[in-house]
Amino acid sequence: MAEPAAAAVPAGADPSARRLAAADEGAAKRRKRAGKVPVIDVAPFFASGADDAQRRAVSAAVADACERVGFFVVVGHGIDPSVPRACAAEARHFFSLPREEKAKFAAGGRAYGFFPMNSEALGYNADVASRPDIREAFSMGPQGEPPASLERSPVVNFCYQRTPWPPDGRLEAAMSRYYLEAGKLADGMLRIFALALPVPWMRIFFCPR
């Protein structure tokens, strides 16, 4: 489909009309430049024998996608499709339970656990009283105790709160496995972003030799 042309604005037009026309023209240029959301294979970055050129090629593709489009799809990440499928299946099972059963595992003021309908507001200008999120959720975080090398602080204590899991272990097993696999990918993506950005300290921190 052809890109719509920007409307011509008379020289004596109202300034607001000129601004709107300029915004429309800019948006049209960005859409043309963006095209489709890129699909990026990150496997070469994580390959055991990968060299600097291969890693830089992946990070350059990610940088280009972020600057030109703002989004990209990751493939070659190594997460087995059965892992998110199992997580989704167990989530469907949990949320299909009666409300009274799910309430046994409510967060109750903690960071993790079951959040019933209208109990959170996580969006812009969040306000639970007037604009709550119309959805249920079950949240989890890092499991177990913080690493000994991590200095205890209110933030660390908040992140490592206990998750009130259902006792059958099904949801815990499925979510924990996906959490770990996705966490590994997230750590790897930080390395890719660090290499893509012209910030030397980030490369030292995220990409140690």
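Trainee: Leaving out residues up to four places away in sequence, what does Phe115 touch?
Mentor: In this predicted model, Phe115 touches Ala107, Arg110, Glu120, Arg135, Glu136, Ala137 and Ser139, with residues up to four places away in sequence not counted.

Trainee: And where does Phe115 lie?
Mentor: Phe115 lies in strand β3, which covers residues 113–115.

Trainee: Is Phe115 buried or exposed?
Mentor: Phe115 counts as buried, because its relative accessibility is 11% and the cut-off for buried is under 20%.

Trainee: How far apart are Phe115 and Arg135?
Mentor: In sequence they are 20 residues apart, and from C-alpha to C-alpha the distance between Phe115 and Arg135 is 8.5 Å.

Trainee: Let us step back. How many helices and strands are there in the chain?
Mentor: The chain has eight helices and four strands. Read from the N terminus, the order of the elements is α-β-α-α-β-α-α-β-β-α-α-α.

Trainee: What is the mean pLDDT of the chain?
Mentor: The mean pLDDT is 84, and 76% of the residues reach 70 or more.

Trainee: Where is confidence lowest, and where is it highest?
Mentor: Confidence is lowest in helix α1, residues 15–34, with a mean of 64. The highest value belongs to helix α4, residues 82–95, with a mean of 96. Over residues 1–6 the pLDDT is below 50, and this stretch has four contacts in the model beyond near neighbours in sequence. Where pLDDT is low, the predicted coordinates should not be read in detail.

Trainee: Now to the helix pairs. At what angle do the axes of α3 and α7 cross?
Mentor: The axes of helix α3 (residues 52–68) and helix α7 (residues 170–196) cross at roughly 80° and come within 8 Å. The two helices are therefore roughly perpendicular to each other.

Trainee: Which residues in α3 and α7 meet?
Mentor: From α3 there are Arg55, Arg56, Val58, Ser59, Val62, Ala63 and Cys66, and these meet Arg191, Ile192, Phe193, Leu195 and Ala196 in α7. By class, this contact of α3 with α7 has eight nonpolar, one polar and three charged residues.

Trainee: What about the loop between α6 and α7, which residue lies there?
Mentor: One of its residues is Thr163, in the loop that runs between α6 (154–159) and α7. Thr163 is buried, with a relative accessible area of 6%. Apart from neighbours within four places in sequence, Thr163 is in contact with Tyr112, Gly113, Phe138, Ser139, Met140, Gly141 and Gln143.

Trainee: And in α6, is Val156 buried or exposed?
Mentor: Val156, found in helix α6, counts as buried at 10% relative accessibility. Not counting residues up to four places away in sequence, Val156 touches Pro146, Leu150 and Glu151. The C-alpha atoms of Val156 and Pro146 are separated by 7.5 Å, and these two residues are 10 apart along the chain.

Trainee: Another strand, then. Where is the place of Val75?
Mentor: Val75 is in strand β2, residues 73–75. With residues up to four places away in sequence not counted, Val75 touches Val39, Ile40, Asp41, Val42 and Ala43. Between the C-alpha atoms of Val75 and Val42 there are 6.4 Å, although these residues are 33 apart along the chain.

Trainee: Why does Val75 count as partly exposed?
Mentor: Because its relative accessibility is 33%, and partly exposed covers values between the 20% limit for buried and the 50% limit for exposed.

Trainee: For the whole chain, what share of the residues is buried?
Mentor: Buried residues make up 26% of the 209 residues. The chain exposes about 14,100 Å², of which carbon and sulfur atoms supply 60%.

Trainee: Last point: what share of the contacts with a separation of 6 or more comes from residues 24 or more positions apart?
Mentor: Such residues account for 58% of those contacts in the chain.

How values were computed: Residues numbered from 1 in each chain as written. Predicted model: local features only at pLDDT ≥ 70, side-chain atom pairs only at ≥ 80, totals over all residues. Heavy atoms only, no water. pLDDT = per-residue confidence, 0-100. Contact = heavy atoms within 4.5 Å. Axes fitted to C-alpha atoms, helices over the stretch in contact; angles between N-to-C directions. Parallel < 35°, antiparallel > 145°, perpendicular 65-115°, else oblique. Nonpolar A, V, L, I, M, F, W, Y, C, P; charged D, E, K, R; others polar. Buried < 20%, exposed > 50% of the residue type's maximum accessible area, 1.4 Å probe, protein only. Areas by Shrake-Rupley, 256 points an atom, 1.4 Å probe, with all protein chains shown as cover.
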